[in-house]
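User: Could you walk me through reading a few features of a protein model? I would like the general idea each time, then the case at hand.

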Amino acid sequence: VRLPIGGGRPRSIPGGVSTSFLGWAPDGVIWYSDFNNGAVYRLPPGGAPKLMFRSDSTEYGQVGIQQVLPGGRTALVTAFSGTNETPLLVLDLETGKRTRIPVGLVVEGRYAQGHLVFARSDGTLHAVPFDAGTGEVTGAPVQPLGTTVSRMMILAPACALPNRSKALPRFVQSRPSMVRLL
């Protein structure tokens, strides 16, 4: 369902989209990936889903879209590797080219105001300066931001981070398995 932030009626998304790997581009297009068949789809506002390309099982494997990066041409993705941790990549949404981000293996990651924030399977939350335009790490890591971070707890708050936020989000450990976004 599409829910306009400024108010208005919810609209159903056509095509039976059922995935947790999706992101909204600045132009309202929804990009999503399907781990079952390796497909990456583009869903324009009011339109039907269009298969753009398939990620293959070579080199990085099938991709899971984490977030469309500012500008809408690239997305932050994870590469399905059959394990809990995976490489973090930048996916060119026009060509399908994938470029690995040198941060090691992660559970998931998001971009906010010049930083790449990512969680590892050991429960730590990290950040590193990142240029979303070039897809490159631009400085030394700030780590860890938190410990004993749950994957579900980073997923929900982080996917709601606006690309236009003015500061790196603050994460506060409130219980051993919970992080609260302030």
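Analyst: We will go from the whole chain to its sheet, salt bridges, aromatic rings and a few single residues.
This is a predicted model, in which local features need pLDDT of at least 70 and side-chain atom pairs count only at pLDDT 80 or more, while totals for chains, interfaces and linings use all residues. Residues are numbered from 1 along each chain as its sequence is written, and side-chain values use heavy atoms, with hydrogens and water left out.

User: Happy to start there. How many helices and strands are in the chain?

Analyst: Helices (H or I, at least four residues) and strands (E, at least two) are DSSP runs, numbered from the N terminus. The chain has one helix and 15 strands.

User: What share of the residues is buried, and how much accessible surface does the chain have?

Analyst: A residue is called buried under 20% relative accessible area, exposed over 50%, and partly exposed in between (1.4 Å probe, protein chains only). Of the 182 residues in the chain, 44% are buried. Accessible areas come from the Shrake-Rupley method with a 1.4 Å probe, and for residues only the protein chains shown count as cover. The accessible surface of the chain is about 9,600 Å², and carbon and sulfur atoms hold 54% of that.
Contacts are worth a look too: a contact means heavy atoms within 4.5 Å. Among contacts in the chain with a separation of 6 or more, 36% are between residues 24 or more positions apart.

User: Now the sheet, please. In what order do the four strands of the open sheet come?

Analyst: Strands of a sheet pair through backbone hydrogen bonds, either parallel or antiparallel. Here two strands are taken to pair if DSSP finds at least two bridges between them. The four strands run in the order β5-β6-β7-β8, with antiparallel pairing. At the edges stand β5 (63-68) and β8 (98-106); each has a single partner strand, so one side of each lacks a neighbour in the sheet. On average, neighbouring strands of this sheet are turned by 30 degrees against each other, direction ignored; the axes are lines fitted to C-alpha atoms, for helices over the stretch in contact, and angles run from 0 to 180 degrees between N-to-C directions.
Glycine 64 has threonine 78 in β6 as its bridge partner.

User: And charges? How many salt bridges does the structure hold?

Analyst: Side chains of opposite charge can pair when their charged atoms come close. The rule used is a side-chain nitrogen of Lys or Arg within 4 Å of a carboxyl oxygen of Asp or Glu. By it, the structure holds three salt bridges.
In one of them, aspartate 92 meets arginine 73, with the closest N and O atoms 2.7 Å apart. Aspartate 92 sits in strand β7 (residues 86-92) and arginine 73 in the loop between β5 and β6, so this pair ties together parts 19 residues apart in sequence. Aspartate 92 is buried at 12% relative accessibility, and arginine 73 is partly exposed at 39%.
Arginine 73 also forms a salt bridge with glutamate 94, where the closest N and O atoms are 2.5 Å apart. Glutamate 94 lies in the loop between β7 and β8, so its pairing with arginine 73 joins parts 21 residues apart in sequence. Glutamate 94 is exposed, at 58% relative accessibility.
Glutamate 108 and arginine 110 form a salt bridge at 3.4 Å, N to O. Glutamate 108 is buried at 3%, and arginine 110 is buried at 5%. Through shared partners, salt bridges join Arg73, Asp92 and Glu94 into one network.

User: How many aromatic pairs are there?

Analyst: Rings of Phe, Tyr and Trp (its six-membered ring) pair if their centres lie within 6.5 Å; planes under 30 degrees apart count as stacked, over 60 as edge-to-face and the rest as tilted. This rule gives two aromatic pairs. Tyrosine 32 and tyrosine 41 form a stacked pair, 5.0 Å centre to centre with 20 degrees between the planes. Tyrosine 32 is buried at 7% relative accessibility, and tyrosine 41 is buried at 17%.

User: Which residue other than glycine has a positive phi near 40 degrees?

Analyst: Most residues other than glycine have a negative phi, and most peptide bonds are trans. Glutamine 113 has a phi near 40 degrees. You will find glutamine 113 in the loop between β9 (108-112) and β10 (115-119), partly exposed at 35% relative accessibility.
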